[in-house]
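The sequence and structure come first.

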Amino acid sequence: MNSEYEVVIGLEVHVQLTTATKIFCGCSTAFGNAPNAQTCPVCLGLPGALPVLNRQVVENAIRTGLATDCRIAPRSIFARKNYFYPDLPKGYQISQFELPICEHGHLDIPLDDGTSKRIGITRIHMEEDAGKLQHGETPATADSSFVDLNRACTPLLEIVSEPDMRSADEAITYLKKLHQMVKALQVCDGNMEQGSFRCDANVSIRPWGQAELGTRAELKNINSFRFIKQAIEYEVERQADVLESGGKVIQETRLFDSTSGTTRSMRGKEEAHDYRYFPDPDLVPLVIDADWIERVRDALPELPEAKRARFVRDYGIPAYDAGVLTQNHEVSSYFDTTVAAGADPKQASNWIMGEVQRRLNDAGSEISAAPVDPAMLAGMLKRIADKTISGKIAKTVFDEMWKSGTDADTIIEAKGLKQVTDSGAIEAIINDVIANNAPQVADYRAGKEQLLGFFVGQVMKASKGKANPAAVNDMLKKKLQE
Ligand SMILES: [Zn+2]
């Protein structure tokens, strides 16, 4: 990357809320239904239809604001953002402008050198989404475009940061943290492919030491971490080239093309006054009293950072494990529940990060769909801890649990997988192995001690893996010296 210039990045993230219904009407927000199946006079923008604010949207906005240390406005206003586009039936979008619900927050992101950096959050406001245009894909419809208004009026939070990030990497770290946070708060499902979490990046560069910001380009609607990084890096290079060749960066909106990895101009400079914002006369000012804020604060779930610290402190697992387990809200609750059911924390962490995660990856599914639930995993780990089964046999038991959904004790019993710790039974097997391998016994006694592994293998094989390996080792050594 060009090091002549300082990079300045601010992000606007659109978070689609997980409410069951839309922000101003009772239509469902479910994804993937037939076009226009989830519409009514309000979200179709029919004359005379009046919006009614969804209380859950406000709660989710307060949650997000509290989690980012924002000030929650006691009084905020909905405003009309006026523009014309076929997917916007009313000819305006209901958003917030002068008095948003949350302001002056921040999010601290970890840096590579172990320190952290505070990224300011300018504001968080509520707004409705627009519909979707579909362009004809068959020869008969090639000249046509279709409007699907299922998404119109779906609730969004727009989270606007200060221009505090100085590299694509910092921007990605911030986004990942925000993504984790809105999922942990259960305000957004975080599904980037379906557009539930998408980002506009404002990127500019300036010579080092210059206080004034350079002219920025706004990169629109990027929905993967990888693409956001690519888009920012490309844009920084492009702006540096423009300045190097004596040109001027112009303020504009640019689109990222993921196939070529480049950005191209979409439209020129836009200012707030272009949208002729004014307070929406159909919606009264939103008044939030202190009690409501406190009720939401009391119900806030534990956030990933606090959870990570608790895992290390209370469970004594390594910071690395805690970091992996808390990347995903469902995974961390699975871990919590497994430990609460009596499993050793480090064992539980090993199995979840290893066997469980590997199978989920193979199947491309989420931990909520795992056929082995936390109680079952804990049940099996307890049988390792009390030496009913060995760690090796546990793999077999786990396989069977995963396939059949049966608990460990039933499988151990039915398949006769109990570890043999009874010294009489092990001794009988050892005696057989010694009797049947006279030449190896002679060699061992003549000093070839590395043959011990051979004998252990034979005993384990004869016991079908059920003998306790430590007990086998000890008794073999004794017997071979007799
Ligand atoms: Zn509707």
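Setting aside neighbours within four places in sequence, Lys 22 is in contact with Cys 27, Ser 28, Thr 29, Gln 38, Cys 43, Asn 54, Leu 149, Asn 150, Ala 152, Cys 153, Thr 154 and Pro 155. The model is a predicted one. Lys 22 sits in the loop that runs between strand 1 (5–16) and helix 1 (55–67). Its relative accessible area is 0%, so Lys 22 counts as buried. A polar atom of the Lys 22 side chain lies 2.9 Å from the backbone oxygen of Asn 150. Between Lys 22 and Cys 153 there are 5.7 Å in space, C-alpha to C-alpha, although the two are 131 residues apart in sequence.

Pro 51 is placed in the loop between strand 1 and helix 1. With a relative accessible area of 12%, Pro 51 is buried, the cut-off being under 20%. Not counting residues up to four places away in sequence, Pro 51 touches Phe 24, Val 42, Ile 94, Asp 282 and Leu 283. Of these contacts, Leu 283 is 232 residues from Pro 51 in sequence and 7.2 Å from it in space, C-alpha to C-alpha.

**The zinc site**

Which residues are the protein donors of the zinc ion? They are Cys 25, Cys 27, Cys 40 and Cys 43, each through SG, at 2.3 to 2.4 Å from the metal. Their spacing in sequence is C-x1-C-x12-C-x2-C. The arrangement is tetrahedral because the 4 donor atoms subtend angles of 101 to 115 degrees around the zinc ion. For comparison, the ideal angle for four tetrahedral donors is 109.5 degrees. Cys 40 and Cys 43 are both buried. Cys 25 has 11% relative accessibility and therefore also counts as buried.

**Cysteines and disulfides**

A search of the whole structure finds 0 disulfides. Cys 102 is in no disulfide, and the nearest cysteine sulfur, that of Cys 70, is 5.1 Å away. Cys 102 is buried, its relative accessible area being 0%.

Helix 7 covers residues 329–340; at 1.5 Å a residue its 12 residues should span 16 Å, and the end C-alpha atoms are 16 Å apart, which agrees. Its buried residues are His 329, Val 331, Ser 332, Tyr 334, Phe 335, Asp 336, Thr 338 and Val 339. The elements covering the buried residues of helix 7 include helix 2 (168–184), helix 5 (304–315), helix 6 (319–325), helix 8 (345–363) and helix 9 (374–385).

For helix 9, the 12 residues at 1.5 Å each should likewise span 16 Å, and the end C-alpha atoms lie 16 Å apart, in agreement. Helix 9 buries Pro 374, Met 376, Leu 377, Ala 378, Met 380, Leu 381 and Ile 384. An α-helix has 3.6 residues a turn, so residues three or four places apart point the same way. Among the elements that cover the buried residues of helix 9 are helix 7, helix 8, helix 10 (391–404) and helix 11 (408–414).

How values were computed:
Residues are numbered from 1 along each chain as its sequence is written. This is a predicted model: local features need pLDDT of at least 70, side-chain atom pairs count only at pLDDT 80 or more; totals for chains, interfaces and linings use all residues. Side-chain values use heavy atoms; hydrogens and water are left out. Helices (H or I, at least four residues) and strands (E, at least two) are DSSP runs, numbered from the N terminus. The expected span of a helix is 1.5 Å times one less than its number of residues. Buried means under 20% relative accessible area, exposed over 50%, partly exposed in between (1.4 Å probe, protein chains only). Contact means heavy atoms within 4.5 Å. Donors are N, O and S atoms within 2.8 Å of the metal (3.2 Å for Na, K and Ca); water is not among the atoms, so sites may look incomplete. Four donors count as tetrahedral if all angles lie between 85 and 135 degrees; four count as square planar and six as octahedral if opposite donors are over 155 degrees apart and all others between 65 and 115; anything else is irregular. A disulfide is a pair of cysteine sulfur atoms within 2.5 Å. A polar contact is a pair of N or O atoms within 3.5 Å; within protein, one must be able to donate a hydrogen and the other to accept it, and residues adjacent in sequence count only if both atoms are side-chain atoms.
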